[in-house]
Amino acid sequence: MMSRDLEKIIAGCKKGQNSAYSELVDCYSQKIYAYFYRLTGNRDISNDLLSELFLKVIKNIKKFKDGSFDSWIYKIASNVFHDFLREKQKQRKINSEYAENAESFYLDSQHEKADMGQHLQNQLNKIDAEEREIVLLRFYSDLSFKEIAEIRNEPIGTTLSKLHRSLKKLRSLIGQSK
Amino acid sequence: MKNINDENLKELLKKFYDEEHSMEFIHNMEFAEKILSATREPAPSREVIENIKRRISKGNSYKRYWELSAAAAILIIITLSAVNIFRDEPAHYQGTITATQWESSNFSIDDNEFFAINNSIEDVSEQMLTLSEENNNELANSIVELETDMIDLENNFWKG
């Protein structure tokens, strides 16, 4: 269910109003940036992904008909992240120096260990990207498990089982590091 | 723990896990939620947000510019076509077939032009046919004459 305000913003965006675009960015940039940052652990990459996301959202806003806008926007966010991962993998194949460091895009984040959030980030980085994404989709979006499963094109049982596994892993990693 | 969209998590988990695993799942979720909410939320800088807005606004301006240009171009084409249609009165052509005899209803404004072209084609076709027949008769006569000459020549040759 969408709030009246959000409905107005989306209607404005469909009409091409710059003020509506601006409001949409204000509404979602914080939450989605956090989602990207926890996924990649890198501020610059998160900034780029956030820009790309909004450009795609604005380009496709007329295709959004009804249903949950959060679900729609997080589906695009998830696609943007997966495109980024694919691109990264391609680059790694081309450049062998990346091969040994599978999580090379986390490098800059590891210099900020004093930050407590960074500590969590480091543990998040240790679980695989797919599992990490489910955890973050659950905690940064307001999506139900059914919606998350739809975004990921998988049965709800699969989503639950992946989340269960990654939560156990995360808890154990945080427990070990204390 | 968040209760998202009135989702009954316990009921949902019961479908997939036994009591013990359901409870473990819920505890782990509460733990993750606690940890994530306790840490400072990473936020984009004001500069990044403004940059995104600028890019969107710029893209939107370009889009509008092209949309307006396309609309203006279409309008100009329509106006020019309309002016041409109403300015040129249909010419009156003399043809062997009159417009009323034409059965097709697909042509309206261009009927006369179409008849004129059609009639011209038929006129040329008839002329070609006449010419061809005349030519054929002349040719046939020439061949008969040539054959007679050849027979005469042959007879005279053997006669010496």
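Colleague: How much of chain A counts as buried?

Modeller: Of the 178 residues of chain A, 53% count as buried, where buried means under 20% relative accessible area, exposed means over 50% and partly exposed lies in between, with a 1.4 Å probe and the protein chains only. This is a predicted model, in which local features need pLDDT of at least 70 and side-chain atom pairs count only at pLDDT 80 or more, while totals for chains, interfaces and linings use all residues. Residues are numbered from 1 along each chain as its sequence is written, chains are lettered from A and ligands numbered from 1 in the order in which they are written, and side-chain values use heavy atoms, with hydrogens and water left out.

Colleague: And what share of chain B is buried?

Modeller: For chain B, 18% of the 160 residues count as buried. Chain B exposes about 13100 Å², of which carbon and sulfur atoms supply 57%, and chain A exposes about 8600 Å², with 50% from carbon and sulfur atoms; these areas come from the Shrake-Rupley method with a 1.4 Å probe, and for residues only the protein chains shown count as cover.

Colleague: How many helices and strands does chain A have?

Modeller: Chain A has eight helices and zero strands, while chain B has four helices and zero strands. Helices (H or I, at least four residues) and strands (E, at least two) are DSSP runs, numbered from the N terminus.

Colleague: What about contacts in chain A between residues 24 or more positions apart?

Modeller: In chain A, such pairs account for 62% of the contacts with a separation of 6 or more, where a contact means heavy atoms within 4.5 Å. In chain B, 26% of the contacts between residues at least 6 apart in sequence join residues at least 24 apart.

Colleague: Which residues have the most contacts inside the largest nonpolar core?

Modeller: They are Leu24(A), Ile32(A), Tyr35(A), Phe36(A), Leu53(A), Phe69(A) and Tyr74(A), in a core of 70 residues. Helix 2 of chain A (residues 18-40) gives the largest share of this core, with 12 residues. A nonpolar core here is a set of buried Ala, Val, Leu, Ile, Met, Phe, Trp, Tyr and Cys residues joined through side-chain atoms within 4.5 Å.

Colleague: What is Tyr35(A) in contact with?

Modeller: Leaving aside neighbours within four places in sequence, Tyr35(A) is in contact with several residues, including Tyr74(A), Glu133(A), Leu136(A) and Tyr140(A).

Colleague: Over to chain B: is Ile52(B) buried or exposed?

Modeller: Ile52(B), which lies in helix 3 of chain B, is buried, with a relative accessible area of 2%. Not counting residues up to four places away in sequence, Ile52(B) touches Val25(A), Leu50(A), Ser51(A) and Phe54(A).

Colleague: Which residues form a nonpolar patch on the surface?

Modeller: Tyr62(B), Tyr65(B) and Trp66(B) form one, with about 420 Å² of accessible area together, and Tyr65(B) is found in helix 3 (residues 46-87) of chain B. Patch residues have over 30% relative accessible area and no salt bridge; like charges are joined within 9 Å and nonpolar side chains (Val, Leu, Ile, Met, Phe, Trp, Tyr) within 5 Å.

Colleague: How many salt bridges does the structure hold?

Modeller: Over all chains there are 16 salt bridges, each being a side-chain nitrogen of Lys or Arg within 4 Å of a carboxyl oxygen of Asp or Glu. One of them pairs Lys31(A) with Asp70(A) at 3.6 Å, N to O. The pair links distant parts of the chain, with Lys31(A) in helix 2 and Asp70(A) in helix 4 (residues 69-94) of chain A, 39 residues apart. Lys31(A) is partly exposed at 24% relative accessibility, whereas Asp70(A) is buried at 14%.

Colleague: And how do Glu130(A) and Arg152(A) meet?

Modeller: Their side chains meet in a salt bridge of 2.7 Å, N to O. Glu130(A) lies in helix 6 (residues 129-140) and Arg152(A) in the loop between helix 7 and helix 8 of chain A, so the pair ties together parts 22 residues apart in sequence. Glu130(A) is partly exposed at 32% relative accessibility, and Arg152(A) is buried at 15%.

Colleague: What is the phi of Asn153(A)?

Modeller: Asn153(A) has a positive phi of about 55° although it is not a glycine. Most residues other than glycine have a negative phi. Asn153(A) lies in the loop between helix 7 (145-151) and helix 8 (156-177) of chain A, and counts as exposed at 65% relative accessibility.
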